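Here is a short report on a protein structure. Look through the sequence and the model first, then read on.

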Amino acid sequence: MIFGFRSVHEVAWARAAITAVILNAVSGMFLVAIPAVFLAPSATGTLLAVLFILFGPLIGFICSSVYSRLECFVGRRLGGKASLDDLYRIFAWFFLPLSFALLLYVLLDLFSQTLMKPSEIITMIVTVLPSLIIGYCSLRNYCVNVIAAQQFTRSRGAVSMVLTFVLFLIVILAAVALASIFARYGMSPDLKTILGV
Amino acid sequence: MSATTMKWIKAAVICFYVLIIAGFALYDQKLNSELERFIKQPLPEIVEPGNAWIVFLGFDAPEGVSPYVYGAQVMRKYRDSLLAGTNSGTHLQAVGDDKSKVAFKGKRPALYGAKHDGMLAFAAAHPDQVTALSRDNEELLRRYHGLFECPRHNQPVDDGAFAPVPLYLPIRRSCETKLLLLAAKANQGEFETALAGVQEDTEFWRFIARNSDTLLSKMVAFAILRINFLFTAELGASRQLNGKERTIVGNILRPFDKAEIGFTQTLRGEFRFELGTLRLVRQEAKSWDLVSALLWKPNATGNRLYAHCQAMCNLAEMSPQQFAIERKQWGGVQDGRMDVGLLYNPVGEIISSRPANYVAYIGVGHDLEGYRRLSRLKIMARQEDVPAEGMQQFLESHKTDLGNPCTGGPMIWDPKKSSISFISNEGQPPSMIFLDTGPN
C-alpha cells in the first residue's frame, strides 16, 4: 500500500511518467483550491472554475518541476545517483497527499468554525489530526524514497532534503520579490492611488 | 510511453500555457456599442460666458477680479498642463492655491437642526449679526446674485478627478446670508419681497439640480433647496398669505420635475467622470508601466463600469417606494464580485469590483421630496387653521399628494413636539425629520 512500511520507490518506478504528470496536475488543483475557498465570496463561480481547472495544473507543474530540479541539483552536488525523472516521479507521489492534506485542513477548519465552537480541544484535534497524519506519512515516504533513489546515507539524505527545501523557499521569495518590484516600479503613481496600493 | 513522446507532451503543455498567458495579456473586450455612442457624445464647451460652473470655480476670486474670468483662467491653466503631458500632481500645482482669494467672514448660525431654530426668529433676535454678515461679505453676496444671470451649467466631466473643483462652501454661506437678509426684510414687513427673493434663489438651484453632471453639485443644490423649503415653510406659516404670496409659495414648493430630482443624468456624468480619470491615468503611464500595458484593459473596464452605471440608473429611476424595497433587498451592498475578467484584466477588475455606492445619494433625493411635502403641509395647516387635534386627520387627507414619498403613507404627527415628520430611507435604523407646525 502507498503508506505501508515498504518504501514506495518500487511503486513510483513502476508507474508511467505520464501518471506523475497527472498527479502533479491534480496536486496543483488541490493547492489552488485552498485560496479559492477564501476567494469564493468575492469571485464568481466561473472565475473559480477557470482558476481551478486551468491554473491548478500549471501551479502543480511549476512546483513539481522546480522542486525536483532543485532536489536533483543538490543531490548531484552531494554525490547522489538518482535521475531527474526518478525524483520527479517520487515528488509526484509525495505532492498529491500533501496538497490534499493541506486542503483537507482548510476545509475542516472552515467547517468547524461554522458548526462548532473553535476553542474546544476536540474540534482542534478533529481539524488538525487527519491532515497531520497524511502529511507525516507522505513526508516520511518521500524521505525514504529519495534516500533510496540517491543511494545516500540517512544523514546525507537529510542534509540534501533540508538544503533543497531551503533553496525552494529562496526561489519562492525571489519570485515574490520580483513581483513586488514589478508592482512597485512597474505601475504609475496615479494607478497605485486608484488601486489603494 | 517513450521519452520522445513525453517530450512532445511537455512541449505541447508549455506551448498551451504560453499561448493562454499571451492571449490574456493581449486580449481586450470589444467596447459596448451603447457605451461607445455615449462616450462619443460631445460635451458642451466649458469655458464659455454664462457657464455657472466656471463662475462657481472662480467664486472666491481675489478682490476686484471677476469670478468668471478667474474661473476661466484656472480651467485654462489646468488644460494647458494636460496638453503639456505632465502628470496629475503637476495639474494640481498648475491650478495652485491662491492665498489672495476672498474668504467668507463671520459666524453663521446653525439653522434647521434638531431644535426649532428658524431664520425669522434668528433675524429678529440678532439684527446686528445679520447686518455684520451682510457688510463683511458684500463682495461675495454681490457675486452670489450674479450667479442668477448664468443660463448654463456645464461641467468638465471628461477631465476626470484631476480637474479643479469649485469650493462650494463660500457659495452656501453666501446663500444662507442672503436668506437671513430676506428674513430680516420679512420681519420688517417686506414679506412679498422676501418670498420673491426665496423664489429667485430656489429657481436657480432647481436649475443647477436639473443640470448637474456630478453628485457634488447635485448634493449642494439639494442642500440649499432644503433650506429654501424650510425657510419658505417658516414664512408661509408665519401669517395668513394674500393671493400673490400664495402663488409665490406655490411656485417655490411646486413638485419637482424628473430631471431636477432624478439622478440619471448625474450618474451618467459621474460614470463619464470616472472614465475620464482612468483614461488620464492610463495616458500618463510611461512605457515601462507594464501593469497598465498588460494587466489593464480599457474596453473591458469600461464595459464593466458601464454595466454598473446602468444598474444604478435603473435603481434611480424607480419610484421612492420601489426604491425602498429594492434597497432593503440589496442591503446597500453591491455585487462587485470579480469575474473571469480578472485573468486578462486584473487591474480593471479590481477597479470595477469596488464600484462607488450611489444608493445613499439617491435616497437624499427622496428625502428632499419629503421636505418639500412637509413644507407644503406646514403652510397649508397654518393657512387652514388646522387645530392640533385635527392634525392627524389633516395629514391622512393629504396622504396621496403630500404623504411619505418612501412609503406612500401619511406624514407622522407628534402632538408632544408639535411636529410632523416622515421616516426616510436614509441610514440604519431609519431616521425621523421633524418640522414644527407651531407659529414662529
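## The hairpin in chain B

Two strands pair if DSSP finds at least two bridges between them. Strands (E, at least two residues) and helices (H or I, at least four residues) are DSSP runs, numbered from the N terminus. In chain B, strand β1 (residues 412–414) is joined to β2(B) by 3 bridges, and the two run antiparallel. Trp413(B) has Ile420(B) in β2(B) as its bridge partner. The hairpin of β1(B) and β2(B) has 4 residues between the strands, and Ser418(B) takes a positive phi near 55° there.

Strand β2 (residues 419–423) of chain B has 4 of its 5 residues buried, so it is largely enclosed by the rest of the structure. Buried means under 20% relative accessible area, exposed means over 50%, and partly exposed lies in between (1.4 Å probe, protein chains only).

## How the model is read

This is a predicted model: local features need pLDDT of at least 70, side-chain atom pairs count only at pLDDT 80 or more, and totals for chains, interfaces and linings use all residues. Residues are numbered from 1 along each chain as its sequence is written, chains are lettered from A and ligands numbered from 1 in the order in which they are written, and side-chain values use heavy atoms, with hydrogens and water left out.

## Chain A

Chain A has 7 helices and 0 strands. Of its 197 residues, 41% count as buried. Its accessible surface comes to about 10,900 Å², and carbon and sulfur atoms hold 75% of that. Accessible areas come from the Shrake-Rupley method with a 1.4 Å probe; for residues, only the protein chains shown count as cover.

## A nonpolar surface patch

Which residues form the nonpolar patch on the surface? They are Tyr105(A), Ile121(A), Ile125(A), Val128(A), Leu129(A), Leu132(A) and Ile133(A), with about 640 Å² of accessible area together. Nonpolar side chains (Val, Leu, Ile, Met, Phe, Trp, Tyr) are joined within 5 Å, like charges within 9 Å.

Helix α5 (residues 121–150) of chain A gives the largest share, 6 residues. Tyr105(A) lies in helix α4 (residues 84–115) of chain A. Tyr105(A) is partly exposed, at 36% relative accessible area.

## The nonpolar cores

The largest nonpolar core has 99 residues. Met119(B), Leu147(B), Trp205(B) and Phe231(B) have the most contacts inside it. Helix α11 (residues 215–238) of chain B gives the most to this core, with 12 residues. A second, separate core of 26 residues includes Val21(A) and Ala300(B). A core is a set of buried Ala, Val, Leu, Ile, Met, Phe, Trp, Tyr and Cys residues joined through side-chain atoms within 4.5 Å; contact means heavy atoms within 4.5 Å.

Definitions and conventions: Patches are made of residues with over 30% relative accessible area and no salt bridge: like charges are joined within 9 Å, nonpolar side chains (Val, Leu, Ile, Met, Phe, Trp, Tyr) within 5 Å. A salt bridge is a side-chain nitrogen of Lys or Arg within 4 Å of a carboxyl oxygen of Asp or Glu.
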